[in-house]
Amino acid sequence: MDIVAVLADSFRTAFGPIAAAYALAAVGLNLHFGYTGLLNFGHVAFMMTGAYGVAVTVDQGGPLWLGFIVGVVGAVVLGLLFGLPTLRLRVEYLAIVTIAAGEVLRTLLRSGGESSLTRGVFGIQRFADDFFAANPFDRGSYGWGRFAYSERGLWVLVIGWSLVALVTLVVVQLARSPWGRVLRAIREDEDAARSLGKNVFVYKLQSLVIGGVLGALAGMLLAIDRQSVNPDTFLPVLTFAVFAIVILGGPGSRLGPVVGAIVYWFVIQFTDRFLREAIAVGWIPESVIDSTDVGAVRFVLVGAMLMGLIIWRPQGLLGRREEVLLDAD
Amino acid sequence: MPTEQSGHSSPPPPSPPPPPPSAIPILRIERLRKQFGGIVAVDVERLDVARGTITALVGPNGAGKTTLFNLVCGFDRPQSGSWFFDGRDVSGRPAHRIARSGMIRTFQLTKALSKMSVLDNMLVAGAAQRGEHLLSGLVPPTWRSQERALVDRAAVMLERFELDRMASEYAGTLSGGQRKLLELARALMAEPSMLLLDEPTAGVNPVLVQSILTHVLALRDDGMTILFVEHNMDVVMSISGRVVCMAEGRVIADGSPDAVAADEAVIDAYLGRRREA
């Protein structure tokens, strides 16, 4: 068993571009769920909007920067579509609408043929050439030993984590402002906020739209990293992976979503690599788990880990325990 | 002072001397009606509340007292009726706008914002905060001085309500009585001209009840108008200048505490009789 390779690989994934994209999405969902108390079960719809905004725009001959704008504007429109009819109602209605809308959007994107705008199930590829053409890093491998990224991976990673740092700063600043205080008041009791003269509906809509735009940025990053979009990478389970990250990090905490994303991807990659190695060297007999089962088993382990977390550390990695205990009343 | 706002539908009394501004009711309710299905929850023909007074709203459970609060504060919509606050028609306005116009309510079941500190509970109530706008929230210099003034005012208020030692604690750790005090103090942070208190002493120990009553009386002396729902008749009799009794959605008695307590209809509907000889 090459434990160094397993660990190096796990860290590579934990700090890689995909983890950065998930962190971005989680910062947005934390604004919804952690700060405002909104149950957005369709975060994947925002990610799809961002990814397809870029892919379709470039595929239709537009420049990459226009694709970014299309993705962001699309997310704003989607946030308004979700929010305007539901945010005056109880929280459950947003949950119902968003979980359905995510699937509606995915079905819509995959419904056309190869010649349609979204190219249906075939998806769109190679739309981010301009992004990689702007890569300032020379060809080569960057890192230490086995913990290394290609120049291409490094470029996405630098942009991705810079974006994570930027949006985290903005969201933390907002959360510390009186604006964020109103959001927390709404999370605690929206009738109380209303009775004190706060326009609850507008704040919830602002939160939904801003968090949704962050979801769209995450979708763009995923799409660019893969140079490919396909409707079936945006299954509802993606939303719940982001929820897992938010809960892992601690809902309502400042750095929780970022730390959560890193830990989540470390665990996913570590269990995968470790199980494969263990099977290869015969520690785990093939009759118990063979290498084709590993993909499923790692999620079982992630589930078990989340259960353990909820039992022993319900506030998440960076949350405040006292706040969770107050819920016991 | 909006003295020339007498155009509201009420016909003037026979020989009206021009009323001094303080005689114009701060709250006027006209033909307010709310039905839930076939049940009439509120059917109030006319109710005025005079400025700077303490008015108690009493009546049996289900009389429509809380529904009346909900309607007047915009938390629920009536089938018909109109109401005027400070001379302005606020009928059908959303709750946050009615609150901003200076009428702040509290709740029967206190709504302490549990996972926020006591101080944050107070600060969030501050009216017209620049930092509550999304874009200025991002630029602290635009709201920092206002925030400092707000913190100072909250500190004074917390001291007045003997909650100053709890300022940095989570509101969820307060006792029931302290939550009632916090809710009252928080309502005051919004600088209202009228308070609607829904059972301010329910579930509060006798010492804190006295403290709350002292605060309410002091507020009235400062010019605040208070309308409160209460079941504790001792409280009602000791602080209110006027008592309104509701039953089945209607006002069945309205007058001085002693007169209402002696009213036959009130005794039948609410207070009950002593053992009769």
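Visitor: What should I know about the model and its numbering?
Guide: Welcome! Residues are numbered from 1 along each chain as its sequence is written, and chains are lettered from A and ligands numbered from 1 in the order in which they are written. The model is predicted: local features need pLDDT of at least 70, side-chain atom pairs count only at pLDDT 80 or more, and totals for chains, interfaces and linings use all residues.

Visitor: How many residues has the largest nonpolar core?
Guide: A nonpolar core is a set of buried Ala, Val, Leu, Ile, Met, Phe, Trp, Tyr and Cys residues joined through C-beta atoms within 7 Å. Buried means that 20 or more other C-beta atoms lie within 10 Å of a residue's own, with C-beta atoms placed from the backbone (12 or fewer is exposed, in between is partly exposed). Tyr22(A), Leu24(A) and Met47(A) have the most contacts inside the largest core, and a contact needs C-beta atoms, placed from the backbone, within 7 Å. The size of that core is 164 residues.

Visitor: Which residue of β9(B) stands opposite Ala56(B)?
Guide: Strands (E, at least two residues) and helices (H or I, at least four) are DSSP runs numbered from the N terminus, and two strands pair if DSSP finds at least two bridges between them. Strand β3(B), residues 54-58, runs parallel to β8(B), residues 225-229, with 4 bridges, and there Ala56(B) stands opposite Phe228(B). β3(B) also pairs in the parallel sense with β9(B), residues 242-247, over 4 bridges. In β9(B), the residue opposite Ala56(B) is Val243(B).

Visitor: Within what arc do the buried residues of helix α1(A) fall?
Guide: The buried residues of α1(A) are Val6(A), Ser10(A), Arg12(A) and Thr13(A). The arc is taken from the directions from the helix axis to the C-beta atoms. Seen down the axis, these buried residues line one face of the helix, because they fall within an arc of 160°.
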